[in-house]
Protein chains: 2
Amino acid sequence: MITLHYSNAMTSFVGPEGLTDEALQGAIVRTGPLCERVAKERAAGKYPFADLPYAEEAIAKVERFAEERRAAFRNIVHLGIGGSALGPLALQSALRPRFYNMLGVKDREFCPRVFFLDNVDPEETRELLEFCAPKETLYHIVTKSGETVETVAAFMLAIDRLKRAAGDKFREHVVVTTGARGLLRSWADREKVATFDIPEGVGGRFSVFTPVGLLPAALMGVPLRQLMSGAEMVDAVCMRIDPKTNVAYLLALVAYLLDTSRRKTMHVVMPYARALRDVADWFRQLWAESLGKKHSVDGKVVMVGPTPVLALGATDQHSQIQLYTEGPNNKFVLFMAPDKWRHDETLPEGLLPELSWLAGKKLSELLEAERAGTEASLTSAGRPNAFLELQDLSPRSIGGLLHLLEMATVFAGHLYNVNPFDQPGVEHGKKAAFALLGRKGYEELRTKLESGRRDRTKYVVK
Amino acid sequence: MITLHYSNAMTSFVGPEGLTDEALQGAIVRTGPLCERVAKERAAGKYPFADLPYAEEAIAKVERFAEERRAAFRNIVHLGIGGSALGPLALQSALRPRFYNMLGVKDREFCPRVFFLDNVDPEETRELLEFCAPKETLYHIVTKSGETVETVAAFMLAIDRLKRAAGDKFREHVVVTTGARGLLRSWADREKVATFDIPEGVGGRFSVFTPVGLLPAALMGVPLRQLMSGAEMVDAVCMRIDPKTNVAYLLALVAYLLDTSRRKTMHVVMPYARALRDVADWFRQLWAESLGKKHSVDGKVVMVGPTPVLALGATDQHSQIQLYTEGPNNKFVLFMAPDKWRHDETLPEGLLPELSWLAGKKLSELLEAERAGTEASLTSAGRPNAFLELQDLSPRSIGGLLHLLEMATVFAGHLYNVNPFDQPGVEHGKKAAFALLGRKGYEELRTKLESGRRDRTKYVVK
């Protein structure tokens with residue numbers, strides 16, 4: 001279903017900035033036992049996210065809810081940020097038409113429009129909440145901790161509008177997906193609104209196959225079983241004990257070696273398919289937040305982590321490829337594209353004689369030629385790259401791709417020797433924001449921050 | 001109108017990974033004369049893009065066309081890629097409501113919906129062309145060379161559909177913006193369709209103030225004179241001969257010094273405003289394609305260029321900030337945000353006692369606290385950053401911001417000693433794509449590429 005082509009990461013194809021056979025084989029000998037280790041840890045329950053595709057009961061509950069409620073609402077407004085939004089956004093982009101929310105109800109197969117509010121931008125928030133009339137809207141409120149400040153703020157605004165419009169019936173317009181504890185959980189229990197669980201041990205960025213991602217997907221008509229069957233198929237590939245056949249491990253290894261031994265500190269993910277753009281954006285969080293760490297698992301200061309960069313083919317050929325081809329050789333480019341498309345266009349004859357060479361070609365051929373042309377150009381400029389080829393853009397293949405990238409992240413965590421499941425570095429900024437907002441308990445930090453802010457007038461120009 | 005705060009790029013605030021006063025002052029002494037040089041070159045006509053805000057006649061022509069045609073169409077479909085799309089996309093995001101294309105015609109002030117087709121994705125292309133009925137649509141076809149293959153392919157498909165729907169009246173549904181020569185120019189002249197000019201000497205990525213950007217902007221009701229008045233005001237700032245007061249020069253200098261003397265090879269642009277997201281994406285092309293160069297102006301192999309990375313606040317705090325704070329110290333983060341918003345939301349009282357500390361706060365306060373919290377967190381982790389503060393999100397301020405960033409790119413070109421106006425590195429990939437498509441004249445390259453492709457089976461895993 002998914003093929004990794006990594007010739008162009010090897011010196012024999014890309015020259016000295018690639019990996020030698022010896023280096024790769026040596027690394028496989030050293031780190032290949034990871035495959036068996038991960039399979040064992042998995043069996044011991046260490047990766048709860050990887051069991052999600054098999055959670056029949058949880059999936060059935062989501063499907064039932066979606067079937068019962070789908071027809072009652074014109075809009076779903078999904079409130080969540082980071083891992084609580086990127087997964088379902090990726091599913092919408094990948095598996096629904098480009099203008100899904102603008103289509104008529106019939107072309108949407110009688111499913112509701114789905115909007116995401118993943119920020120506290122005052123203008124965007126107001127425009128979205130005004131655009132979706134509360135009486136026609138189901139609000140899906142998603143926060144693992146139950147206390148994420150951005151989501152809680154949006155929740156306050158949405159519920160306030162909703163109560164004014166629907167009175168006591170507001171309960172029918174709300175569904176909460178959250179962890180076992182926290183503010184939203186107790187609110188939902190007390191108010192008796194519908195809830196879904198984010199299982200213990202599944203972090204936000206690995207939650208796409210919990211109701212975080214599955215509920216919006218089901219509401220917009222994505223067939224969950226097909227999605228899950230793809231994840232299951234790819235799961236078998238990721239559990240292969242032979243490192244030379246384990247796609248997730250090899251992808252992680254090539255990326256890791258290019259970063260640490262060839263200084264390809266940026267990992268550019270470049271899908272040639274609009275449908276995969278937000279999958280790449282979801283992966284951007286997964287890769288950055290899982291691997292970007294100050295401390296190794298044994299407590300040493302390491303400050304590691306590749307920087308994921310998102311580029312979209314062919315569009316970004318006209319924006320970033322000049323730099324990637326001619327600038328510093330500090331990137332590993334990972335192309336992604338499907339082999340088969342859901343529909344295609346054939347370029348017509350007869351418009352202009354100068355264009356006869358294009359007539360009769362399919363757009364998919366043109367796009368693939370552009371991808372292969374960019375690949376050839378990067379390779380001849382000595383810039384390592386690889387290609388993750390998807391069979392098609394079916395729910396099954398998308399489910400498989402998401403699972404593969406999650407497992408590749410686990411392998412990369414082991415290779416970098418960091419914990420891929422925590423994010424200690426975001427706490428300081430969060431506390432600083434609380435302090436600046438005058439929250440109780442943060443007075444000391446506030447005083448410190450404000451004194452720091454006062455003497456900044458020297459380096460200002462306008 | 002625009003203020004640059006760069007304290008946190010200085011060692012006295014951020015520690016050893018920042019710039020010392022001595023280093024900055026020394027660099028100003030060495031490179032400050034650039035300000036006078038650029039002003040002189042400007043006067044000598046070397047920067048035609050910078051004169052665009054003053055091109056009264058061209059602007060008036062765009063305004064007349066938009067006023068005459070606006071009411072006749074439900075949709076504008078803009079066909080263009082790279083510099084032919086990123087400018088008008090930025091103007092739409094910055095200056096129209098978030099759901100502009102979904103609003104009713106009255107809420108759009110009787111202006112048409114505007115869609116951008118900036119790729120040759122077969123699914124996206126078909127879905128867009130089907131969504132916009134040809135009889136209700138004006139197609140704006142934009143290519144500087146007149147031969148950009150992606151735009152030409154979309155043009156073939158659009159005109160084919162349009163001719164089938166509108167027959168000989170197709171001419172009324174097409175407007176072409178292109179250079180003095182090329183395929184599209186001769187086609188438009190022969191078919192007598194309306195045309196606009198991209199002036200000689202203005203490259204695609206500097207073309208936002210030509211009809212490339214101004215025509216779609218005018219069609220969606222953006223007041224061009226206000227946009228231009230902002231550019232003119234900021235132009236005066238960028239022409240200041242005293243380097244210590246020239247905002248564009250100082251922005252370029254700080255970014256350049258952090259890259260070349262502190263290895264901050266990634267320049268993260270992080271707007272805290274959804275409205276500025278696509279301005280940052282437009283800047284991503286400007287910075288990457290202008291500065292990412294193999295050769296210096298004197299022909300030496302230099303392979304320079306910072307990599308622009310786009311992050312959106314507060315959303316990407318939950319995706320990238322873990323890496324930026326704890327990972328390798330190899331980034332310069334440039335925040336952008338407005339001081340005043342066009343509208344705001346106040347968090348309501350009474351929902352939950354635990355949230356009383358948030359009640360009464362404005363969303364704009366919350367967002368600014370998050371920005372300042374992230375800034376404090378990066379700074380205390382020793383990561384250099386700066387803040388480009390906009391007075392507001394008016395057309396005037398947006399016009400000023402775009403002009404400032406263009407001029408900063410010119411200054412950065414001088415500092416890196418590269419030509420910011422060419423893009424020699426994209427030719428190879430383009431030719432390779434032609435060869436793979438079987439275009440005449442590229443047979444030899446095709447043979448070479450295909451032989452390279454045949455022996456790739458060794459490094460494949462699935």
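Helices (H or I, at least four residues) and strands (E, at least two) are DSSP runs, numbered from the N terminus. The model on screen is predicted, so local features need pLDDT of at least 70 and side-chain atom pairs count only at pLDDT 80 or more, while totals for chains, interfaces and linings use all residues. Residues are numbered from 1 along each chain as its sequence is written, and chains are lettered from A, with ligands numbered from 1, in the order in which they are written.

Then select A314(B), in the loop between β10 (307–310) and α13 (321–326) of chain B, where the peptide bond from G313(B) to A314(B) is cis with omega near -5°.

**Stop two: the sheet.** Display the open sheet of 6 strands, which has the order β10(A)-β7(A)-β11(A)-β12(A)-β1(A)-β13(B) and mixed pairing (two strands pair if DSSP finds at least two bridges between them). Its edge strands are β10 (307–310) of chain A and β13 of chain B, each of which pairs on one side only. Where chain B joins, strand β1 (residues 2–5) of chain A and strand β13 (residues 460–461) of chain B pair in the antiparallel sense over 2 bridges, and H5(A) stands opposite V460(B). Moving to β7(A), you will find that β7(A) pairs with strand β11 (residues 331–338) of chain A in the parallel sense over 6 bridges, with V268(A) opposite V333(A).

**Stop three: V269(A).** Select V269(A) in strand β7 (residues 266–271) of chain A; this residue is buried, with 24 other C-beta atoms within 10 Å (a residue is buried if 20 or more other C-beta atoms lie within 10 Å of its own, exposed if 12 or fewer, and partly exposed in between, with C-beta atoms placed from the backbone). Leaving aside neighbours within four places in sequence, V269(A) is in contact with A280(A), F283(A), P308(A), L310(A), L334(A) and M336(A), where contact requires that the C-beta atoms of two residues, placed from the backbone, lie within 7 Å.

Select helix α11 (residues 247–262) of chain A, whose 16 residues reach 21 Å from first C-alpha to last, close to the 22 Å expected at 1.5 Å a residue (the expected span is 1.5 Å times one less than the number of residues). Of the 16 residues of α11(A), 13 are buried, and just after the helix R263(A) takes a positive phi of about 55°.

**Stop five: the two chains together.** Show both chains: a rotation of 180° with 0.0 Å of shift along its axis superposes chain B on chain A, with RMSD 0.0 Å, which is the relation of a two-fold axis; the superposition is by least squares on the C-alpha atoms of residues with pLDDT of at least 70 in both. At the interface, 118 residues of chain B are in contact with 118 residues of chain A, and helix α14 (residues 363–380) of chain B gives the most to the side of chain B that touches chain A, with 13 residues. Because 100% of the interface residues of chain B are also interface residues in chain A, the copies meet through the same surface.

**Last stop: F110(B).** Select F110(B) in the loop between α5 (86–95) and β3 (113–117) of chain B; F110(B) has a positive phi of about 60° although it is not a glycine, and F110(B) is exposed, with 10 other C-beta atoms within 10 Å.
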